[in-house]
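Please look through the structure shown here, and then follow a few questions and answers about its surface and its helices.

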Amino acid sequence: MWADTVLILFISICTALLGEGLTWLMVYRTEKYQKLKSEVERQSKRLEKRKEAHGDSLDKHHKKKIEREEEKLKNNNRDLSLVKMKSMFAIGFAFTALLSMFNSIFDGRIVARLPFVPISWLQGLSHRNLPGDDYTECSFIFLYILCTMSIRQNIQKILGFAPSRTASKQGGGIFGPPPQQFK
């Protein structure tokens, strides 16, 4: 069981590195991405400085300027997401094939024991294709997803591909908080 767990951790690291390598080839090194990323960084910093400088005491003119800049930033973030999305589809198809292959290799094998019983709606994933009713037993797919989610984010930070804190704070992502509106 320990050998399987370490192997799944290694597979996670390799697939995360492969994914980031492919993303670098298809997205990060392109001129369009570099230009959009620097524009988003510049706009985020400028918008943050303006908000800090004026605080809550904004007149209509400054509110309009800030709203226009937020709109520009939102559009550039959308364009940046579109540039990334094309490669994400290609990588998604490749990883679906890999996941299917690894799933068939580890089918029905207990790869880890969880120190807790997962909540009911996660038990189908954590105990997938495993015999018995001991829900502390963990299947490949659950461990692989957990490892990949944590490892890929850290690899992006290490390689410098993660979005900057300033751009993230402005909330340009799909699931990020919306930019603050001045009333």
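In this predicted model, a patch is made of residues that have over 30% relative accessible area and no salt bridge, with nonpolar side chains joined within 5 Å.

Q: Which helix supplies the largest share of the nonpolar patch?
A: The nonpolar patch on the surface is formed by Leu9, Ile13, Leu17, Ile158 and Leu159, which together have about 460 Å² of accessible area. Helix H1 (2–28) and helix H5 (140–159) each supply at least two residues of this patch. The largest share amounts to 3 residues, and the helix they come from is H1.

Q: Is Ile13 buried, partly exposed or exposed?
A: Ile13, one of the residues of the nonpolar patch, lies in helix H1. Buried means under 20% relative accessible area and exposed means over 50%. Because the relative accessibility of Ile13 is 33%, this residue counts as partly exposed.

Q: How far apart are the end C-alpha atoms over residues 88–106?
A: The UniProt annotation "transmembrane region", which comes from an unreviewed entry, covers residues 6–28 and 88–106. Over residues 6–28 the chain is 100% helix and 0% strand, with end C-alpha atoms 30 Å apart. Over residues 88–106 the chain is 95% helix and 0% strand, and the distance between the end C-alpha atoms is 26 Å.

Q: What is the relative accessible area of Lys60?
A: Lys60 gathers with Lys64, Lys65, Arg68 and Lys72 in a patch of positive charge on the surface, and Lys60 is found in helix H3 (residues 60–105). Lys60 is classed as exposed because its relative accessible area is 71%.

Notes. Residues numbered from 1 in each chain as written. Predicted model: local features only at pLDDT ≥ 70, side-chain atom pairs only at ≥ 80, totals over all residues. Heavy atoms only, no water. Patch = residues over 30% accessible without salt bridge, like charges linked within 9 Å, V, L, I, M, F, W, Y side chains within 5 Å. Areas by Shrake-Rupley, 256 points an atom, 1.4 Å probe, with all protein chains shown as cover. Salt bridge = Lys/Arg side-chain N within 4 Å of Asp/Glu carboxyl O. Lys, Arg positive; Asp, Glu negative; His and termini not counted. Charge placed at Lys NZ, Arg CZ, Asp CG, Glu CD. Helix = DSSP H or I, 4+ residues; strand = E, 2+ residues; numbered from the N terminus. Buried < 20%, exposed > 50% of the residue type's maximum accessible area, 1.4 Å probe, protein only. UniProt positions renumbered as here; feature names shortened; annotations may be inferred.
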